[in-house]
Amino acid sequence: MKNKIAFITGVTGQDGAYLSSLLLNKGYEVHGLMRRSSQFNTARLLELCQDPSADERLQLHYGDSTDSMNVFSLIEAIRPDEIYNLAAQSHVSVSFEMPVYTADVNALGTLRILEAVHRAGLTGRTRVYQASTSELFGKVAEVPQKETTPFHPRSPYGVAKLFGYWAVINYRESYQMFASNGILFNHESPYRGETFVTKKVTQAAAGIAYGLQEKVLLGNLDAKRDWGHARDYVEAMWRILQFDRPEDFIIATGEQHSVRELVEEAFRFIGTSIRWEGTGLNEVGIARVPRYQGGGAIPDRTDTEERVVVEISPEFFRPAEVETLLGDSSKARQLLGWEIKTTFQDLVREMMAYDCRVVEEALKR
Ligand code: NAP
Ligand code: G4F
């Protein structure tokens, strides 16, 4: 049987890397849309796709979700069996600074994919997965959030993704396209972008554990998220497109933790505990940790001190916040046989182990 052909936009991102690895292991020919940048940005993709046979089956194409001609020509030439539209300006906070660009990529970018499939005459062949998000629920109307929960996005990111969500449903209803939304709750990994809160915290805790970083500045410690592992979530994306009909699915763990708990879990990994003092912008997290020695010094990890390791900065608050997210993924578990394999504790431990290893390797150099 001929290998299936997948086209992944956002292939250089966290999910793009995990999904490429999954599909290559399943024997797919994988085509990825990659932005041109002044430096290589394929590190996580290459680290996760180390299978030598992947070389021939992984093909990267320069492109951009904002370029209709480019998106159309690639889809017409590749004639994929499956498209995973993961490309996005994916940072909620940044979307307040770049709302128009965010809408171009996240809303119109989705429309460009759907319309390209339609115009290329591939509606009967190509299945489309859209990376929808729990940010659609925003100011949540009910707890937990299900496929039927009304939406109330709270950022330009969420508003743009809502357009993409409905565009998928519209192409499904208008042209009988196999197009599905995965409404994924937050998912993280060692390969998470460095400005998302999980990775920011685990990288900081690793730096602090080796006396190389003094503290970390954070925003809303009381925001609550339903955090899962990206590896488990890309498996759900694939299952959504293998289902016998196009439908929309919530993908979540059903367990919620605050940013504060995330910080506590990360510092637990390095053998210390956080004591919170003060309130609001004056709140701080204090812990006994190796003395801060600044960059360059060879750290003496036995020389410890009690100091402030977490401070609050107004810079990391958003004009409108999504305070709480908690998903109910019963539908995906029942219809797709999808299940969570990684707990929150295991996720944080895996990220911490990875970030500590990176620091150790840097110190050896
Ligand atoms: P990510 O790490 O930020 O990756 C985003 C990808 O999109 C990167 O490859 C990026 O390329 C690419 N991209 C950005 N702008 C583009 C453009 N104009 N044209 C082409 N490519 C562009 O995000 P992720 O965590 O993997 O998330 C994947 C998708 O799922 C996104 O659509 C995100 O909004 C959505 N989502 C994520 C989560 C989550 O918790 N991770 C939850 C729900 C939904 P560069 O490498 O060049 O920047
Ligand atoms: O890690 P975050 O930036 O992720 P956020 O905003 O929940 O968005 C992520 O998940 C969405 C799914 O729900 C995706 F659609 C989206 O693409 C992205 O992957 O922030 C999580 C929470 C927020 O409430 C934020 O206010 O952490 C809070 N937070 C507190 N201090 C911080 C910080 N967030 C960041 N990025 N940096 C901080 O210093």
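The shell around ligand 1 divides into nine nonpolar, 11 polar and six charged residues (Ala, Val, Leu, Ile, Met, Phe, Trp, Tyr, Cys and Pro count as nonpolar, Asp, Glu, Lys and Arg as charged, and the others, Gly among them, as polar). Keep in mind that this is a predicted model, where local features need pLDDT of at least 70, side-chain atom pairs count only at pLDDT 80 or more, and totals for chains, interfaces and linings use all residues. Residues are numbered from 1 along each chain as written, chains are lettered from A and ligands numbered from 1 in the order written, and side-chain values use heavy atoms, leaving out hydrogens and water.

**Around ligand 1**
- Ligand 1 has 26 residues around it, and T12, R35, D64, S90 and Y157 are the closest (near is a heavy atom within 4 Å).
- A polar side-chain atom of D64 sits 2.8 Å from a ligand 1 nitrogen.
- On the backbone side, an N or O atom of G13 is 2.9 Å from a ligand 1 oxygen, and a polar atom of L86 is 2.8 Å from an oxygen of ligand 1.
- β5 gives the most to this shell, with three residues (strands are DSSP E runs of at least two residues, helices H or I runs of at least four, numbered from the N terminus).

**The open sheet**
- Four strands line up as β8-β15-β14-β13, with mixed pairing (pairing takes at least two DSSP bridges).
- β8 (216–218) and β13 (275–277) are the edge strands, each pairing on one side only.
- β13 and β14 (residues 284–290) pair antiparallel over three bridges, and E277 stands opposite V284 in β14.

Definitions and conventions
Polar contact = N/O pair within 3.5 Å; in protein donor to acceptor, adjacent residues only side chain to side chain.
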